[in-house]
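Here is a set of questions and answers for a reader who is meeting this structure for the first time. Please keep the sequence and the 3D view at hand while reading.

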Amino acid sequence: MASLIDTYLDDLSRHLSHDPALARRMRAEIADHFAEALGECPSEAEMRRIIARMGPARAIAAALAADGASRQVDRTWVILLVALIATFIAMRLRSLWLPPLATDGALAGFAAPLIDRWAFVAAIAAAVAGYWVMRPSPAAPLLALAALCASVAAGMLRIALAADWSAAPLAVAAATVGECALVGLLLAQILALCRRRRQAARLSAD
Amino acid sequence: MLKGHLDTIVLAALEAGPAHGYAVIESIRARSGETFDLPEGTLYPALHRLEAAGLLQSEWTVPPTGRKRRVYALTPAGRDALAKRRTVWERFAHGVNAIVGGRPWPA
């Protein structure tokens with residue numbers, strides 16, 4: 001008889017297998033709920049009734065996955081904002097501390113500061129437009145990430161052209177390392193967002 | 001319609017003190033005069049969502065019955081959120097009553 005409850009709990013654990021800690025927690029909580037509602041030695045009819053009241057395990061997992069995806073959207077946008085601020089600070093430090101680049105025929109020397117600046121502007125534009133138009137989608141953070149990568153790469157090239165890495169002022173090097181780390185963190189958040197959206201969509205599908 | 005207010009209802013159900021999931025459902029059912037007979041599976045994602053938002057805190061406890069259970073309680077932020085949601089709800093309910101119930105506004 002207990003197998004009806006066990007089957008339900010196994011089903012719930014299977015649907016939440018993408019998040020083992022959450023699966024364990026929900027299983028324990030809902031097992032306690034069933035135990036409280038059923039008392040000792042319930043009949044099969046009672047178990048069926050209480051399972052029906054609980055609703056499909058997949059629906060519980062889908063609701064949890066949707067909430068998880070929603071929280072991941074918030075995290076991704078917060079990290080994007082922090083990455084934009086860090087990139088801006090690093091860019092300003094490069095402009096303030098690094099000597100002007102030679103533009104006599106060196107295309108890279110001419111292009112690097114332009115790319116550094118305008119890729120950052122493109123990242124801001126993608127972030128602002130994406131936040132208002134398609135906030136839950138990873139598309140805008142991805143576009144902003146691509147632009148930030150271009151800005152960071154151009155910034156590093158700018159440092160390399162102005163001086164070798166060991167000669168760069170510590171603040172400039174530290175800010176550049178910081179923006180690289182945040183861009184990496186942003187990439188991880190976007191990947192997590194894509195994964196969570198896929199899980200939520202899979203569980204919500206008929 | 002209930003779904004849109006579920007979080008507020010859960011916060012209100014926990015206002016009296018900490019409780020586990022089954023007790024929250026029983027409290028909602030009893031306090032609503034059995035008007036709100038929630039699909040019980042909707043409660044646990046709501047509890048988890050409210051905890052993630054910092055409005056609830058929870059911990060595993062082992063009562064004398066010996067069965068481990070997770071008990072939820074309002075956080076200070078949860079109490080503030082409930083007070084704000086209650087104010088909004090009272091205005092909303094007055095408005096709806098004035099229209100649907102034919103009472104003048106403001107009541």
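Q: How many aromatic pairs are found over all chains?
A: In this predicted model, the search covers the whole structure and takes in all chains. The number of aromatic pairs that it finds is 5.

Q: Is the pair of W77(A) and Y131(A) stacked or edge-to-face?
A: The ring centres of W77(A) and Y131(A) are 5.2 Å apart, and their planes stand at 85°. Planes over 60 degrees apart count as edge-to-face, whereas those under 30 degrees apart count as stacked. With its planes at 85°, the pair is therefore edge-to-face.

Q: Which helices hold W77(A) and Y131(A)?
A: This pair links distant parts of the chain, its two residues being 54 residues apart. W77(A) belongs to helix α4 (residues 57-97) of chain A, while Y131(A) belongs to helix α5 (residues 107-133) of chain A. The helices asked for are thus α4 and α5 of chain A.

Q: Is W77(A) buried or exposed?
A: A residue counts as buried when its relative accessible area is under 20%. Y131(A), with a relative accessible area of 35%, is partly exposed. W77(A) has a relative accessibility of 9%, so W77(A) counts as buried.

Q: Which residues form one aromatic cluster with W77(A)?
A: W77(A) and Y131(A) are paired edge-to-face, and both belong to one aromatic cluster that also takes in W132(A). The residues that form this cluster with W77(A) are Y131(A) and W132(A).

Q: What separates W89(B) and F92(B) along helix α4 (residues 76-100) of chain B?
A: W89(B) and F92(B) form a tilted aromatic pair, with 5.4 Å from centre to centre and 45° between the planes. W89(B) is partly exposed at 38% relative accessibility, and F92(B) is partly exposed with a relative accessible area of 44%. Because they are 3 residues apart in this helix, what separates them is about one helical turn.

Q: Which residue lies over the face of W60(B)?
A: The distance given here runs to the ring centre of W60(B), and its value is 4.6 Å. The residue lying over the face of this ring is K68(B).

Q: Are α4(A) and α3(B) roughly parallel or roughly antiparallel?
A: The axes of α4(A) and helix α3 (residues 43-52) of chain B come within 9 Å and cross at roughly 20°. Angles under 35 degrees count as roughly parallel. The contact involves I60(A), A63(A), L64(A), D67(A) and R71(A) of α4(A), together with P45(B), H48(B), R49(B) and A52(B) of α3(B). Given their crossing angle of roughly 20°, α4(A) and α3(B) are therefore roughly parallel.

Q: Which residues of α4(B) make the contact with α1(B)?
A: The axes of α1(B) and α4(B) come within 10 Å and cross at roughly 120°, so these helices are oblique to each other. α1(B) contributes D7(B), T8(B), L11(B) and A12(B) to the contact. The residues of α4(B) that make it are G78(B), A81(B), L82(B), R85(B) and R86(B).

Q: Is D7(B) buried or exposed?
A: D7(B) is placed in helix α1 of chain B. Leaving aside its neighbours within four places in sequence, D7(B) is in contact with A46(B), R49(B), L50(B) and R85(B). Its relative accessible area is 17%, so D7(B) is buried.

Note on methods:
Residues numbered from 1 in each chain as written. Chains lettered and ligands numbered in written order. Predicted model: local features only at pLDDT ≥ 70, side-chain atom pairs only at ≥ 80, totals over all residues. Heavy atoms only, no water. Phe/Tyr/Trp six-rings, centres within 6.5 Å; stacked < 30°, edge-to-face > 60°. Helix = DSSP H or I, 4+ residues; strand = E, 2+ residues; numbered from the N terminus. Buried < 20%, exposed > 50% of the residue type's maximum accessible area, 1.4 Å probe, protein only. Lys NZ or Arg CZ within 6 Å of the ring centre and 35° of its normal. Axes fitted to C-alpha atoms, helices over the stretch in contact; angles between N-to-C directions. Parallel < 35°, antiparallel > 145°, perpendicular 65-115°, else oblique. Contact = heavy atoms within 4.5 Å.
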